[in-house]
Amino acid sequence: MLELIIAGLTMGSIYALLALAINIIYSTTGIINFAHGELVMLGGMFGIVLVVNSGLPIIAGMFIACGMVAMIAITLYYSTIRPFGDNLTSSLGWLMATLGAGIIFRNVAMLIWGTQPRPFPPLGSEELINVLGVRILPHEIWTLVITFLIAIFFTVVLDKTMLGSAIKATASNRNATRLMGISVERMVLACFTMSGAVAAVAGFLISPIVFAGPEMTATIGLKGFGAAIIGGLGSSRGAFAGGIMLGVLEALSMTMVTPGYKDAIAFLIMILAITIKPEGIFGVAYEKKV
Amino acid sequence: MLEINNIRVSYGKVEVIKDVSFHIEKGEVVVIIGANGAGKTTIMRTITGLMKPSIGSIVFKGQDISKISAERIVAAGITMCPEGRQVFPQHTVSQNLKLGAYLIRHNRKLVQERMEKMYELFPILKERQQQLAGTLSGGEQQMLAIARAMMVDPELLLLDEPSAGLAPIYVKNTFDMIKKLSERGTTILLVEQMAKMALGVADRAYVLETGRIVISGSAQEIMHDPRVEESYLGQKKS
């Protein structure tokens, strides 16, 4: 039972990492990056190249992959979102464009690396350690800790810094933000950079669990999106809580039904959560004053 | 200080500003009056760079700013208090002011000084500094929007319909504040439907009708122009 909860927390952390990154882009541009799962996958594949094939230490590889995926995220912005102009809520072009970009990423990854999933080294040792009678992998602890730190980092940046204040202003009113002398474009780029870097971290954390391959994030990407909605789009705290909740519930449900239903259960949880509390756990509904 | 030469501005295929020229000298309060849909707000958005003229030039202190971005125009010394106030509702009052001071954010002492100055000018904002801007009344939001635009101590302040949607008591308050700011040496371009009040604080005025300037002159002249009296001041010709 406890092992299950640990496994749930680990998967939940991964969902939370995805949700955090999806959120930060949502909060400045008001759109969902549907290619985010594929950015995570690319993070994992770069990990294969840098760590497994070239023998770099994991941490060094992770930092390089963060930079690379951040650059891909920026390119993604310029190629699939920027062309649709400033008023993104009035068009759906970005939706098809980011979905399409995701498919392209996946197919290019298949061409380069093949479809075969590959093993990936975990963080820390591969020996199980005994914590309070439960046998867990150090990697699982690392996953939880890193996710928690990133969630705190996002919360601090958004709530306590001038950059965060400007990012939130961009989310709330682009033109008024520009009238403050703030470059909205730069705020959006900052968010895509952060989102890309976090995607790479997520790629490194998830690859040892599910094996690294072009298809590894096919459903995980969607669940990350679901976690963001469960927590309330735009809230870092919500993204974290939503991800963890989804992971744990999904793991616990395995005690009652066969693992084959795992994804179905996860999506059922998402649908239920969205039906019961559409604005999310931490979502704030406020009225605009005219 | 600011010279607008023959600008034309369109929304898509509809031309809203048709060949408009005017100028503002240092220290003046200039008002543009006109009915709804005359293009007043469009002129303001064009000066601040949120919209671009299809033709014509906007020269500020000898530099053509008609093609540079909105954020660089703020750095050049023009700020605007936009139509409908547009404060950031989920930021506190003091956070709103800090955002207004974004360009000088590295000089914390200066930001602090300016905030104190604004709290002096608008005491109500000091009381409400930790409150979310979205919870303020319309009049208080107007004060906040003006204070926010004043944080970088602009050379030219644009005010887009500051009286719109305010209770009468706040309208008077707002115009008193405009007078005060002008006495402190800020050059102001004001766009208003409340013609009488606006002319009361202005040095010069332009009347805008369907995208064209039809009358111009000193505030006094405009106030007594029979065409203006009839259409904008609601007085019947005797």
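Modeller: Two strands are said to pair if DSSP finds at least two bridges between them. Strands (E, at least two residues) and helices (H or I, at least four) are themselves DSSP runs, numbered from the N terminus. The model is predicted, so that local features need pLDDT of at least 70 and side-chain atom pairs count only at pLDDT 80 or more, whereas totals for chains, interfaces and linings use all residues. Residues are numbered from 1 along each chain as its sequence is written, while chains are lettered from A and ligands numbered from 1 in the order in which they are written.

In chain B, four strands form an open sheet in the order β2-β1-β4-β5, with antiparallel pairing. Its edge strands, each pairing on one side only, are β2 (14-24) and β5 (63-64) of chain B. Within this sheet, β1 (residues 2-11) of chain B runs antiparallel to β4 (residues 55-60) of chain B, and 5 bridges join them. Opposite B:Glu3, for instance, stands B:Val59 of β4(B). Helix α1 (residues 40-47) of chain B lies across β1, β2 and β4 of chain B. The helix runs at about 65° to β2(B); such angles run from 0 to 180 degrees between N-to-C directions, with axes fitted as lines to C-alpha atoms, for helices over the stretch in contact. Contact between two residues requires that their C-beta atoms, placed from the backbone, lie within 7 Å.

Strands of a sheet pair through backbone hydrogen bonds, either parallel or antiparallel. Parallel pairing is found at strand β8 (residues 187-192) of chain B, which is joined by 5 bridges to β3 (residues 29-33) of chain B. Here B:Ile33 has B:Glu192 of β8(B) as its bridge partner. From β7(B) the chain passes through helix α7 (residues 168-183) of chain B to β8(B), in a right-handed β-α-β crossover.

Strand β8(B) is mostly covered, 6 of its 6 residues being buried. A residue is buried if 20 or more other C-beta atoms lie within 10 Å of its own, exposed if 12 or fewer, and partly exposed in between, with C-beta atoms placed from the backbone. On one side of β8(B) the buried residues are B:Thr187, B:Leu189 and B:Val191, and on the other B:Ile188, B:Leu190 and B:Glu192.

Note on methods:
Right-handed = clockwise from strand over helix to strand, strands pointing away.
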